[in-house]
Amino acid sequence: MSDLIITEPLTVIQGLFEKGGKGDWGVEAFFSSHFATADDIAKVPSLNDRPLHALTDGCLVRYRCMIQDQFEPEYYLNTYQLVNTSTGDKVLCCGKYRDVFNYPPNYELDEDPAVAITDERTTLYCVPIPAETEWAKAAFRRDTEEGLEVGGEQTSGRGAKRGLCDEDGGDDKMDSSDTQIGDGISKRCKQQDEGHMKEGDGVQKPVLPVFDEKGGISCLVKVYGDSLEQYKVASMVEFIGVLSVNPSLACFDHNSADPDQDLLFNPFAAEGAAERKARSPPPSLVPRLHCILSRLLSHSNPLVTSGSLALLKDSSAVWGARELALSVLTEVLLGDRLAAEYALLHILSSVYGRTEVLALGSFAVNISQCPLLGAQSLSFATSYFSVLQDLVPKCHFLPMTLTNMNTLRFTPKKDYEINRMQSGKLQFSAGTLLVVDETQLSPGRLNEQGVQNLASLCHLCRWQRIHYDFQYYNTEFSCDTPVMVFSEGRSIIKDNCEVPLDPVALAPPGDRAIKRLTEPQVRTLREYLGVCREIQCSLPTELQTVVGNDFVALRRVDPGATADTLHHLLCLARLVSISYGCAEMSADHWRHVGELEQKRKNRLLSQ
C-alpha cells in the first residue's frame, strides 16, 4: 500500500471515495496518518529537487515554496458518473485532485445534472523560496535523496506510464480514450510548448522576485476546502499532493471561427489571449499540484529540527557558538567588534508581533563609514555578503546603483492585461536578510520609479511593510525582511540603527573568514543562528520595573527619548538574550545593551 500511495494516489483516493464518508471521504486523515513524521515525508519525491521529466503524471509529490499570487476560484466536477455505452453500467467517480478525467474504453460521461456535483477550488501561483542560499538547497536535496534511498524509487511504479520527455516511448502508447480533449491537440503539445517559450509569443516568464536559473520551477497549486485563509501571499508552505502534467492543460490558440468550439477545447477561451496564456502555461514549464496535505513553514533552515533544540540546553556550547560567530563577523568587518555585535543581532532579528504603529522586533542596521576598495575590488558590502550567504538560509544582495533604482520594480504590481500579480524585488518570504550596498550609488537623478523605490526601501525599514500596486490603489502587506545598509556616510534610507565602522584591518578577508573554519564549525554556526532565531523571548516582571526606572532616568538626561527609543532598547535586549540562547531576558542582558548603545553613541558624536 505504501508504494501505491506515492505511485498511484488517485487510485487510493478513488477507493476511499467508494467507501463513502463525510467531507473529503477521509482522504486528508488517511494521508496524514501515512506521512506523520519527517522521515515519512522525506520518502515523497520533491519537485524542488527532482527534474520534472523524472516524475510521472498522477504521482504523489511535495513542493516547498512561497506563495507569489492567488487566482480567482474555479469550478470543477467533484463527483461525476460514467456510463458504459455497451452495457449501460454506471460508475460513480471522484473528480477531486485531478484536471483530466480518465475514461475506460466504451465509457462516456453521464451528463445528468442530478449526478454531477460541482465544487470550488482555488489556484495559488507558487515559486521556489526566493533568495535561498546554495548550502540550504544542497541540505534539502540531501534529505530528499536519503529519504528516497530509504523508501525506494517509487515514482516509476506504473509500468505503462511514460516519462514526460518520452514522446515515442516504446510499446506503451497513450490511449486516446484516456482524456476528453479533442483530437489533434496532443499531437501539437511539443510544438506549442516550444512556442510558449518564445519571446514574442505573449507568454510570461517566471515571476520570481529573485530570478535564479537553478532555483527550480514554479507551480500552480490547487487547494480545496475552507482553509484558504491560511495561505497568504509571501508565506512559505510545503504542499503534498497529486502531480498533474498532462500536456492538454496548456492553453493553445485554435483560431476557430466558432466560439462554442473554442470553449469546448479550452474553458478559458472567453478570457483574453494574454490572460489565457498566463493562467494556463504549459505543464512542462509550470506543473500543477493538487494539494492533499500542507504545512506552513516558520523558517527554511534545514538544520533546525526538534533535535537541534538540544543545543540550547548546553549554555557553554551556545556561548562558544556565539563567540565563533562574533569572531567571523569581526574579521569580515575589519576587526570592529562593536559592528560585529550589531551585525549578529541583525541576523537574529525578526518581527515577533505588531501593534497599530510598530513592528515589534524590527531591527534595521546602517554600517556607515565603509571604506571604498577601488574599482578593481569587490565592494565592502559584497565581501560581507559573501560570508553571510554561507551562514544563513536566505539572503539577498541589492546593489543600490542609479540604474537599479531607476529601472527595477521593488514592489509587486498587478497586471490587469494578464490578470496576474507581477513580483517585485522586495517580495520575500519571512526571515530573508536584505543587504543594501549604498556605496555603489553614484551622483545622478532619480526618476519617478527611482523615487518610488527609495520610498519603498524606507517604508520597509521603518514599518516592515511593502505596498502592492493595484494601479488604482495600493494595499500594504506585512513582511519580515531585516535590512542592513552599507554606506559611506549616513544612509539616505532613514529609520535605522547607524553604527559607524571603526576598522582595524586594511582590507576585508572576503570568504577567507569562512574557509578557515572546519565543516563542523560551519554547521555549528548555521545551526546556532537558526535555532536562536526561533526563540520566543519574554520580559520577566521584576525586570520590567528596572527597565521602566532606567527609561525615566534616560528621559531626564535626553528629553528627546521617545517610545521608539524604548522599543529600540527592548528590541536590542531581546536580541542579546536570544544570542545567548535564553528565552527570558535578564538584568545582565539589559546592562549589556546599555554598554553597546553607549559605545555606539560615542562613535556618532566623534564623527
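Visitor: What should I keep in mind about the model?
Guide: Because the model is predicted, local features need pLDDT of at least 70 and side-chain atom pairs count only at pLDDT 80 or more, while totals for chains, interfaces and linings use all residues. Residues are numbered from 1 along each chain as its sequence is written, and side-chain values use heavy atoms, leaving out hydrogens and water.

Visitor: At what angle do α10 and α17 pack?
Guide: Two packed helices are described by the angle between their axes and the distance between the axes. Here helix α10 (residues 337-348) and helix α17 (residues 563-579) pack at about 90°, with axes 9 Å apart, the axes being lines fitted to C-alpha atoms over the stretch in contact and angles running from 0 to 180 degrees between N-to-C directions. The two are therefore roughly perpendicular, a term for 65 to 115 degrees.

Visitor: Which residues of α10 and α17 meet?
Guide: Tyr-342, Leu-344, Leu-345 and Leu-348 in α10 meet Leu-572, Leu-575, Val-576, Ile-578 and Ser-579 in α17, contact meaning heavy atoms within 4.5 Å.

Visitor: How many residues has the largest nonpolar core?
Guide: In soluble globular proteins, nonpolar side chains tend to be buried together. The largest nonpolar core has 64 residues, a core being buried Ala, Val, Leu, Ile, Met, Phe, Trp, Tyr and Cys residues joined through side-chain atoms within 4.5 Å, with buried meaning under 20% relative accessible area (1.4 Å probe, protein chains only). To this core α10 gives the most, nine residues.

Visitor: Is α11 mostly covered or exposed?
Guide: Helix α11 (residues 380-388) is mostly covered, with nine of its nine residues buried, and its cover includes α9 (315-332), α10 and β12 (395-399).

How values were computed
Helices (H or I, at least four residues) and strands (E, at least two) are DSSP runs, numbered from the N terminus. Angles under 35 degrees count as roughly parallel, over 145 as roughly antiparallel, 65 to 115 as roughly perpendicular and the rest as oblique. Buried means under 20% relative accessible area, exposed over 50%, partly exposed in between (1.4 Å probe, protein chains only).
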